[in-house]
Amino acid sequence: MTPLAPLVAAFFRKNLAADKGVSKNTLASYSYTFKFLCRYASGRLGKTPSELSLEELDANLIRDFLEHRERDCGNTARTRNLRLTAIRSFMRYVEYEVPAALEQVRRVRAISNKRAQERLVNHLTPEEMRAMLDAPDPGTRQGIRDQAMLYLGFAAGLRASEIVGLRLDEIELDGPYPSLLVRGKGRRQRRLPLWKEATRALRAWLSVR
């Protein structure tokens, strides 16, 4: 039997290190996947996580784990597929490290994704957008903050993670063309111009933050 713990530790160290270009969100997603998987396998097999072996994470156990996360934990099909992606990535690492597990790896990697229902994206009317932008109370510190975040979301199309990840040295408000540097997925960067109202809202927040 092949101990699981050293393989998981090596997988995270070699494949998910910061210098590999892996984002914090991806690292967190993979970490949660193995936390939940080890907890499930431990309960099912009556072992502690450190006692688990690679051979025990066969295709049947992985399928049951994914079904458990959906049925008992309320995971969506999309979240279920993210868990499976993390496990497949680990198995790709294992097939080069433990040749005896090739057939096990093949069976696990053959588990299919579940089709996720795509929701129709509706767009706000100009009136609805204005109502949302005007909703925060500019007379309070929290309202000033929320209004700046909303303007950045609308003006630059930023994800929530991109907004909260902005750094002061990435914001340029003093030149003739205010802009900000955005770091997206995969460490991709883009420089985005800001319109006047977004610039004004951001200045207001920076003055009180």
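**Close-up views of a predicted model**

**View 1. Contacts and overall form of the protein.** Among contacts in the protein between residues at least 6 apart in sequence, 54% join residues at least 24 apart. The model shown is predicted. It contains nine helices and three strands, and from the N terminus on the elements run α-α-α-α-α-α-α-α-β-β-β-α. The radius of gyration is 23 Å, well over the 17 Å that the globule rule gives for 209 residues, so the protein is more spread out than a compact globule. Along the principal axes, the C-alpha atoms fill a box of roughly 65 × 35 × 25 Å. Of the 209 residues, 39% count as buried.

View 2. Helix α2 takes in residues 24-45. At 1.5 Å a residue, its 22 residues should span 32 Å, and the end C-alpha atoms, 31 Å apart, agree with this. Gly46 follows α2 and has a positive phi, near 70°.

**View 3. Packing of helix α6 on helix α7.** The axes of α6 (residues 126-133) and α7 (residues 141-156) come within 9 Å and cross at roughly 150°. Because angles over 145 degrees count as roughly antiparallel, α6 is roughly antiparallel to α7. On the α6 side, the contact is made by Met129, Arg130, Met132 and Leu133; α7 contributes Gln147, Leu150, Tyr151 and Phe154. By class, the residues of this contact divide into six nonpolar, one polar and one charged.

Terms used
Residues are numbered from 1 along each chain as its sequence is written. This is a predicted model: local features need pLDDT of at least 70, side-chain atom pairs count only at pLDDT 80 or more; totals for chains, interfaces and linings use all residues. Side-chain values use heavy atoms; hydrogens and water are left out. Helices (H or I, at least four residues) and strands (E, at least two) are DSSP runs, numbered from the N terminus. The expected span of a helix is 1.5 Å times one less than its number of residues. Axes are lines fitted to C-alpha atoms, for helices over the stretch in contact, and angles run from 0 to 180 degrees between N-to-C directions. Angles under 35 degrees count as roughly parallel, over 145 as roughly antiparallel, 65 to 115 as roughly perpendicular and the rest as oblique. Contact means heavy atoms within 4.5 Å. Ala, Val, Leu, Ile, Met, Phe, Trp, Tyr, Cys and Pro count as nonpolar, Asp, Glu, Lys and Arg as charged, and the others, Gly among them, as polar. The radius of gyration is taken over C-alpha atoms; the globule rule is 2.2 Å times the number of residues to the power 0.38. Buried means under 20% relative accessible area, exposed over 50%, partly exposed in between (1.4 Å probe, protein chains only).
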